[in-house]
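Student: I have a sequence and its model open, and I would like to work through the fold step by step. Could you guide me with some questions and answers?

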Amino acid sequence: MTETLIQVQDLKKYFEQNINNQHVQTKAVDGISFNVKKGEIFGLLGPNGAGKTTTIKLLLGLLEPNEGSINIFGMNPQREDVKIKEHIGYVAEEPLIFRSLTTKDLFNFISSIRKLNPSKTQKMLREYLESFEAIQYYEQILDTLSHGNKQKMQIIASIIHNPKILILDEPLAGLDAKSVKVFKEILDMHIENGGAVLFSTHIMKIAEELCDRIGIISKGKMVGIGTIDELRKQSNKLGASLEDVFLRLTDQDISVMEIIKKLRESFNNK
Ligand SMILES: Nc1ncnc2c1ncn2[C@@H]1O[C@H](COP(=O)(O)OP(=O)(O)OP(=O)(O)O)[C@@H](O)[C@H]1O
Ligand SMILES: [Mg+2]
């Protein structure tokens, strides 16, 4: 039987806020369950504000759930976050890299806190930087890099310790076409080595190409889960594109048409 590396059961996360003296509760994650197995690339899709980043932060132990359970590699991220981090590579939605450091300093720092073998790490770092055509930024301050080049450094920082599980929040944001190809290759190698990947994306084509299974989140709930064919069945849209399946499952197919019609009318009457 294939080993399950990530197990999420009935996960809930509610945010409480005070807006204009009114108590507002947002059910960011409202009872989500899914598994990711060894050798699998699992994609999380969902409209803006659906709860993808919150789910990912819960998996990493960066947020405390209100309810539900998470099991990663047999551990609970809330209780064993330090041990779990050895096994996880994480790309955050907002770059978490230290802006005033150079690329070289960043990787020396990562290497020392993760207690990595310096010469092996240096060799892999060079390979990754060359593959991403970013070797020229080795001595450059991270803050002076372009958005896409910063993203490449985040990706390399997430894989340099050779983790079993990659958890990536919109990792392709800002990457050019060639870098996307390199990134796909890196994910393939990771899977061939017995790893697992969970990543969120808004790019349907990427999800279609890369993911073995996809979970579609809408308003904090999992509204569809499975292979693309299984999602087609769940949405009663046999033969449809992932985009159409996604819009159906997230209840947006009719509203998109209505929004466009209304916008066109206002535009023509202005
Ligand atoms: N710290 C917070 N305090 C209050 N509400 C929050 C907080 N973080 C997230 N939320 C709310 O939780 C919901 C889910 O947000 P989340 O960032 O998980 O969405 P997402 O699916 O990642 O969206 P996107 O595609 O835009 O990245 C949203 O309504 C968001 O406004
Ligand atoms: Mg997000």
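Student: In which sense do E5 and strand E6 pair?

Tutor: This is a predicted model, in which local features need pLDDT of at least 70, side-chain atom pairs count only at pLDDT 80 or more, and totals for chains, interfaces and linings use all residues. Residues are numbered from 1 along each chain as its sequence is written, and chains are lettered from A and ligands numbered from 1 in the order in which they are written. Helices (H or I, at least four residues) and strands (E, at least two) are DSSP runs numbered from the N terminus, and two strands pair if DSSP finds at least two bridges between them. Tyr90 stands opposite Ile167 in E6, and over four bridges E5 and E6 (residues 165-169) pair in the sense called parallel.

Student: Which strands stand at the edges of the open sheet?

Tutor: The open sheet has six strands with mixed pairing, in the order E5-E6-E7-E3-E8-E9. Each edge strand has a single partner strand, so one side of each is left without a neighbour in the sheet; these are E5 (88-91) and E9.

Student: What angle does the direction of helix H1 make with that of E6?

Tutor: Axes are lines fitted to C-alpha atoms, for helices over the stretch in contact, and angles run from 0 to 180 degrees between N-to-C directions. Helix H1 (residues 52-59) packs on the sheet and touches E3, E6, strand E7 (196-200) and E8, and its direction makes with that of E6 an angle of about 145°.

Student: Is helix H9 largely enclosed or open?

Tutor: A residue is buried if 20 or more other C-beta atoms, placed from the backbone, lie within 10 Å of its own, exposed if 12 or fewer, and partly exposed in between. In H9 the buried residues are Leu242, Val245, Phe246, Leu247, Arg248 and Leu249, and their cover includes strand E3 (41-45) and helix H10 (253-268). Because six of the eight residues of H9 (residues 242-249) are buried, the rest of the structure leaves this helix largely enclosed.

Student: Which element gives the most to the side of domain 1 that touches domain 2?

Tutor: The domain assignment, automatic or from a database, gives domain 1 (4-87 + 163-268) and domain 2 (97-162). Twelve residues of domain 1 are in contact (C-beta atoms, placed from the backbone, within 7 Å) with eleven residues of domain 2. E6 and helix H6 (177-192) each supply at least two residues of that side of domain 1, and the element that gives the most, with four residues, is H6.

Methods:
Two residues are in contact if their C-beta atoms, placed from the backbone, lie within 7 Å.
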